[in-house]
Amino acid sequence: MKNKWKLLFILSLSLFAVFAGCSNQSKNTTEKKDLKKVTIVLDWTPNTNHTGLYVAKAKGYFKKQGLDVKIVQPSDGDASSIVASSKADFGISAQDTLAANYASKKPLPITAVAAILQHNTSGIMSRKGDGIDRPKGLEGKTYATWDSPIEKAMIKNVMEQDGGDYSKLKMIPNNIVDEPKALKEKQADAIWVFYGWGGVSAQLEKVPVDYFYFKDLNSTFDYYTPVIISNNDFLKKNPDTAKKFMKATSEGYNYAVDHPKSAADILVKEVPETDSKLAQASQKWISKQYKAEESRWGYIDPQRWNSFYNWLDDSKLIKNKIPSNTGFTNKYLPE
C-alpha cells in the first residue's frame with residue numbers, strides 16, 4: 001500500500017510537470033504571437049557597427065517594446081533595395097551610397113532614421129614610414145580602389161588640397177579581405193578603411209600603419225556612415241512601431257557606450273563566428289564613436305547631411321541636385 005501511494009505521488013508530480021511545461025510553452029507561444037515582427041537587414045557581416053542591435057535583442061529591449069526583431073544579412077541585393085521592396089522594415093546603409101538614389105528621378109522609397117556613428121571614421125591606411133601619413137604622399141603609390149566616382153573625387157580633393165598630383169596615384173582593383181595583411185605583403189600601398197575595424201585589426205596584428213581621416217582634411221566629408229534606413233510606406237503606416245524600434249535600438253547602443261566589454265561579449269555570443277579578440281578591441285574604440293559629443297544616439301545634423309550632398313552636386317557627381325533635408329529624419333528617435 002505504501003509503495004502504491006508512493007507511485008501515485010510520483011505520477012502526480014510527473015503529470016504536474018508536464019502540464020506546467022505545456023502551460024509555459026503555451027504562454028511563451030502566446031507572448032511571441034503578441035509581439036509585432038520586425039526585420040532589419042545588415043549592410044555586411046555582423047561587426048561592431050551593429051552591436052547595439054544585438055544588445056537590444058539579447059537584453060530584451062525589443063521585447064519590452066512589444067517587438068520580435070529579426071536581424072538578417074543581405075542575400076539578394078543591398079540593404080537599400082531590400083528595404084525599398086518591403087522585404088525588410090529597416091536596413092543599414094550609408095549617406096554616400098544613398099546619394100545616387102536621392103538624385104534619381106524615381107528614388108527608392110527609403111529614409112535614414114538614425115546615424116549609428118556620429119562621425120565618418122573612414123580614412124586611408126598605409127604602411128608606416130612609406131610617407132602616406134598625408135594625402136600628398138599618395139603620389140606614385142598603389143591604391144586599392146572600389147572604382148566609385150565619389151571615392152575617387154574625395155581622394156582627388158584631399159590630395160590637391162595638400163598640394164599633391166592626383167594623376168600620379170596608381171589604382172588597382174580592391175579585392176582585399178584582410179587589410180593589414182595586404183599592406184604587410186605589399187599587395188597595395190594604401191587602402192580606404194574604417195578605423196574601428198581595419199585600423200584596430202592592424203593594431204592587433206602588430207602591423208605598423210599610418211592613417212588619416214577624410215573628415216579631418218575636409219569637414220564636408222564628415223558625412224554619416226553607417227545609418228539605419230527604413231521603408232517610407234512602413235514609416236507612414238507604422239509610426240508607433242518605428243518609434244518603439246528606435247527606442248529599443250537607442251537603448252542597445254547606449255548600453256554599448258557605457259559597457260563596451262559586456263556589449264562585445266553579447267555580439268560574440270549572438271554571432272559566434274565573430275573574432276572575439278577583434279570584437280573586444282574594436283568595441284572599446286567604437287563605443288566612444290556612437291554618440292561622440294552628441295547628447296543622444298542616432299541624431300543626424302541637417303547642416304552636415306546637406307553639406308555633403310551639396311558638394312556632390314557642385315562636383316557634378318550626381319545627376320540631379322538633391323533638395324535640402326532629403327532622405328533623413330530625426331522624428332522617430334527618442335527625445
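Predicted model: local features only at pLDDT ≥ 70, side-chain atom pairs only at ≥ 80, totals over all residues.
Biologist: How many residues does α6 have, and what span is expected for it?

Modeller: A helix of this kind makes a turn every 3.6 residues, so residues three or four places apart point the same way. Here α6 has 13 residues and reaches 18 Å from its first C-alpha to its last, close to the 18 Å expected at 1.5 Å a residue. Just after α6, G163 has a positive phi of about 85°.

Biologist: How many residues are in the largest nonpolar core, and which have the most contacts inside it?

Modeller: In soluble globular proteins, nonpolar side chains tend to be buried together. In this model the largest nonpolar core has 43 residues, and those with the most contacts inside it are I124, L138, M154, I155, F308 and Y309. Elements giving two or more residues to this core include α5 (95-102), α6 (149-161), β8 (190-194) and α14 (302-314). The largest share, 6 residues, comes from α6. Apart from this core lies another, of 39 residues, with V38, Y54, F90 and V271 among them.

Biologist: Which residues does L138 touch?

Modeller: Leaving aside residues up to four places away in sequence, L138 touches I124, I132, I155, M159, K168, L169, A190 and F212.

Biologist: How is an aromatic pair described?

Modeller: It is described by the distance of the ring centres and the angle of the planes. The count for this model comes to 20 aromatic pairs. In one of them, Y195 and Y211 are edge-to-face, 5.0 Å centre to centre with 75° between the planes.

Biologist: What does the pair of Y195 and Y211 tie together?

Modeller: Y195 lies in helix α8 (residues 195-204) and Y211 in strand β9 (residues 209-213), so the pair ties together parts that are 16 residues apart in sequence.

Biologist: Is Y195 buried or exposed? And is Y211 buried or exposed?

Modeller: The cut-off for buried is under 20% relative accessible area. Y195 has 13%, so Y195 is buried. Y211 has 18% and therefore counts as buried.

Biologist: Which residues form one aromatic cluster?

Modeller: Y102, F221, Y223, Y224, W305, F308, Y309, W311 and F328 form one.

Biologist: Where does the charged end of K215 sit?

Modeller: The charged end of K215 sits over the ring of Y213, 4.9 Å from the centre of that ring.

Key
Residues numbered from 1 in each chain as written. Heavy atoms only, no water. Core = buried A, V, L, I, M, F, W, Y, C linked by side-chain atoms within 4.5 Å. Buried < 20%, exposed > 50% of the residue type's maximum accessible area, 1.4 Å probe, protein only. Helix = DSSP H or I, 4+ residues; strand = E, 2+ residues; numbered from the N terminus. Contact = heavy atoms within 4.5 Å. Phe/Tyr/Trp six-rings, centres within 6.5 Å; stacked < 30°, edge-to-face > 60°. Lys NZ or Arg CZ within 6 Å of the ring centre and 35° of its normal. Expected span 1.5 Å × (residues − 1).
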